[in-house]
Every structure is written in C-alpha cells, then in structure tokens.
Amino acid sequence: MMYHTAKLYSDMGKNVLIDGILVEREEIKPHYHQLLEILRDNPLDVVEVYCPPDICRQRNLRRQDRWEAQSDEQSELMAKDIRCTLRVDTSIHSPAECADIILWQLFKQ
C-alpha cells in the first residue's frame with residue numbers, strides 16, 4: 001500500500017520520500033521489483049544510506065535497543081542489485097550532512 005500511496009502523490013506532482021529498506025522476505029518477494037513496477041511511470045531515485053558493518057555493530061550496541069548483529073542480519077535480507085541514484089555514508093558524514101548531500105544531488109538545492 002505504501003508504494004501505491006507514494007505513486008498517488010507522485011502522480012499529483014509531489015516529491016515523496018520513503019524511509020525504509022528493500023528486504024526480500026519470502027512473504028513479500030519480489031519486493032524491489034514490485035517497487036519498480038508500481039512506480040515505473042514516475043520519477044524514482046533510490047538513495048543508499050550506508051554504514052560499514054563494523055560501525056553498525058558498534059552503533060547497535062550503543063543504542064541498547066538492538067542486538068549487535070541486527071544490521072548484519074538485515075543486510076542479508078536486502079534485495080540484491082538495487083540501482084541507486086546516490087549513496088551517502090553515515091560513517092563519514094553526520095545526519096545533517098547526509099541530508100544536505102541528498103538535497104543537493106537530487107534537487108540541486
């Protein structure tokens with residue numbers, strides 16, 4: 001439903017941001033291809049928000065609401081061969097810097 005709702009807003013000329021991960025769990029396969037099909041006639045930019053695994057593990061432990069290997073397990077569920085327009089690395093840039101990079105690259109703002 002989320003992608004159909006995003007399509008509706010996109011059809012109305014609105015920019016839509018979806019914060020999520022493209023996992024390929026058995027009950028929703030092929031997740032990434034469904035996204036591409038639903039939004040095939042709409043502008044679509046996929047931004048990879050990346051962090052090296054060792055830093056993800058450290059962050060998971062500091063957060064205390066995640067287990068150490070949670071990011072590793074989620075990474076294994078990710079769809080393969082995702083075509084990304086842009087990649088930002090949260091180990092190098094702050095959240096605000098990542099947002100600025102995304103805005104600049106996608107909207108030249």
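Modeller: A salt bridge here is a side-chain nitrogen of Lys or Arg within 4 Å of a carboxyl oxygen of Asp or Glu. This is a predicted model, with residues numbered from 1 along each chain as its sequence is written, and local features need pLDDT of at least 70. Side-chain atom pairs count only at pLDDT 80 or more, totals for chains, interfaces and linings use all residues, and side-chain values use heavy atoms, with hydrogens and water left out.

Colleague: How many salt bridges does a search of the whole structure find?

Modeller: Start with the general idea. Side chains of opposite charge can pair when their charged atoms come close. In this model, the search finds seven salt bridges.

Colleague: Which residues are linked in a network of salt bridges?

Modeller: E37, R40 and D41 form such a network. Take it pair by pair. E37 and R40 meet at 2.5 Å, N to O. R40 and D41 meet at 3.9 Å, N to O.

Colleague: What does relative accessibility say about E37?

Modeller: Learn the classes before the case. Buried means under 20% relative accessible area, exposed means over 50%, and partly exposed lies in between, with a 1.4 Å probe and protein chains only. E37 is partly exposed, at 45%. R40 is exposed, at 53%. D41 is exposed too, at 65%.

Colleague: Where do R63 and D65 come in, and how many Å separate N and O in their salt bridge?

Modeller: Their side chains meet at 3.2 Å, N to O. D65 is exposed, with a relative accessible area of 54%. R63 is partly exposed, at 47%.

Colleague: Next, rings. How many aromatic pairs does the count come to?

Modeller: A pair of aromatic rings is described by the distance of the centres and the angle of the planes. The rule takes rings of Phe, Tyr and Trp (its six-membered ring) with centres within 6.5 Å; planes under 30 degrees apart are stacked, over 60 edge-to-face, and the rest tilted. By this rule the count is zero.

Colleague: Which charged residue sits over the ring of Y50?

Modeller: The test first. A charge sits over a ring if NZ of Lys or CZ of Arg is within 6 Å of the ring centre and within 35 degrees of the ring normal. R87 passes: its charged end is 3.8 Å from the centre of the Y50 ring. K108 also lies over a ring face, that of W104, at 5.9 Å from the ring centre.

Colleague: Now the fold. How many helices and strands does the chain have?

Modeller: Helices (H or I, at least four residues) and strands (E, at least two) are DSSP runs, numbered from the N terminus. The chain has five helices and two strands. From the N terminus, their order is α-α-β-α-α-β-α.

Colleague: Which loop holds Q64, and what is its phi?

Modeller: Q64 lies in the loop between α3 (53–63) and α4 (70–77). Its phi is positive, about 70 degrees, although Q64 is not a glycine. Q64 is exposed, at 72% relative accessible area. D81 is another case: phi is near 60 degrees, positive in a residue other than glycine. D81 sits in the loop between α4 and β2 (86–89). D81 counts as exposed, at 72%.

Colleague: Which residues form a nonpolar patch on the surface?

Modeller: Patches are made of residues with over 30% relative accessible area and no salt bridge; like charges are joined within 9 Å, nonpolar side chains (Val, Leu, Ile, Met, Phe, Trp, Tyr) within 5 Å. Here M2, L8, Y9, M12, V16 and I18 form one. Together they have about 570 Å² of accessible area. Such areas come from the Shrake-Rupley method with a 1.4 Å probe; for residues, only the protein chains shown count as cover.

Colleague: Where is Y9, and what does Y9 touch?

Modeller: Y9 is in helix α1, residues 2–11. Y9 is partly exposed, at 43%. Contact means heavy atoms within 4.5 Å. Leaving out residues up to four places away in sequence, Y9 touches K14 and V16. L22 is 13 residues from Y9 along the chain, and their C-alpha atoms are separated by 20 Å.

Colleague: What share of the 109 residues counts as buried?

Modeller: The figure is 24%. The chain exposes about 8300 Å², and carbon and sulfur atoms supply 53% of that area. Its C-alpha atoms fill a box of roughly 40 × 40 × 25 Å along the principal axes. Among contacts between residues at least 6 apart in sequence, 59% join residues at least 24 apart.
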